[in-house]
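Please look over the sequence and the structure first.

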Amino acid sequence: MIEQKIVILTGAGISAESGIDTFRASGGLWENHRIEDVATPQGFAANPALVHEFYNARRRALETAAPNPAHDALARLQNSAAHDVFIVTQNVDDLHERAGSTVHHMHGELLSVKCAACDWQWESRSDIDITARCPACQTRASVRPDIVWFGEMPYGMEKIEGRLAACDLFVSIGTSGAVYPAAGFVQMAKAFGARTLEINLDPSEGSAFFDETRRGKAGRLVPDWVDEILS
Ligand code: OAD
């Protein structure tokens, strides 16, 4: 029997111990690039070659990263079937999947690309450049990373909000709470009566909204929490 409906939101902090840099640790820069240059539609329009190069490098970096004990523990919880666990991530890496979880990527995925002309999306593990052609509509120079950039609508908000409205427990792991709409999930879950828990290295911008906060590295705290909840 399913005991609890749990929604888990993850951010860059859960992948930090896998060697993938968080965003805000580097002073508003992402791997030495200004966010506006590599994570906005305007940046892509101004210099598509630079943006492709940037995401090609991030995609390649995934090959040497591996899931850490926090990803593994969430997969163990989700696959235990003791609870109904919905994981929504702001991360664009594939470490949750490689650990064995099913996740909803609200900010897109590094291993997916899409056509700006016809919106076709497909998996791509190889480098993309400005000459790439859409396999569906054959338009050239329309292929872009399948990343939700600033100013764009995150994926599946209706589905996420439905899960938040129905959950008993909301858990936020490794996110600074600086970027909406994800930063507002805790208040939404609370408004619908869920208990809320934050697991993060530093206090986040939303820490005060949580019923309980645990400070420390996800690689240690998440397996401990999963042990508790499964015991
Ligand atoms: P941030 O870089 O803003 O925050 C990472 C959080 O993880 C910080 O609060 C750290 O304290 C915490 N942290 C670091 N190492 C940790 C560890 N080992 N264990 C637990 N916590 C740790 O990343 P996000 O909140 O995910 O958007 O950023 C949200 C969004 O802003 C991203 O998805 C991205 C970015 O711009 C887009 O790309 C659209």
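The text below covers a sheet, a helix beside it and a cavity.

The model is predicted.

**The sheet**

Strands of a sheet pair through backbone hydrogen bonds, in either a parallel or an antiparallel way. Here, three strands make up an open sheet with antiparallel pairing, and their order is 7-6-8. Strand 7 and strand 8 are the edge strands, each pairing on one side only. On average, neighbouring strands of this sheet are turned by 40 degrees against each other, direction ignored. Strand 6 and strand 8 run antiparallel and are joined by four bridges. Opposite Arg 144 in strand 8 stands Lys 114.

Helix 4 packs on this sheet, where it touches strand 6 and strand 8. The direction of helix 4 makes about 140 degrees with that of strand 6.

The residue ranges of these elements are as follows.

| Element | Residues |
|---|---|
| Helix 4 | residues 48-62 |
| Strand 6 | residues 108-115 |
| Strand 7 | residues 121-123 |
| Strand 8 | residues 143-147 |

**The cavity**

How many cavities of 30 Å³ or more does the structure hold? There is one cavity of 30 Å³ or more. The volume of the largest cavity is about 110 Å³. Its lining consists of 15 residues, and those nearest the centre of the largest cavity are Ser 172, Thr 175, Gly 177, Ala 182 and Ala 183. By type, the lining residues of the largest cavity divide into eight nonpolar, six polar and one charged.

Terms used
Residues numbered from 1 in each chain as written. Predicted model: local features only at pLDDT ≥ 70, side-chain atom pairs only at ≥ 80, totals over all residues. Heavy atoms only, no water. 1 Å grid on protein atoms, 1.4 Å probe; cavity = no way out; pocket = protein on both sides within 12 Å on 5 of 7 lines; lining within 4 Å. Points joined across faces, edges and corners; volume = space filled by probe spheres on them. Nonpolar A, V, L, I, M, F, W, Y, C, P; charged D, E, K, R; others polar. Pairing = 2+ DSSP bridges. Helix = DSSP H or I, 4+ residues; strand = E, 2+ residues; numbered from the N terminus. Axes fitted to C-alpha atoms, helices over the stretch in contact; angles between N-to-C directions. Contact = heavy atoms within 4.5 Å.
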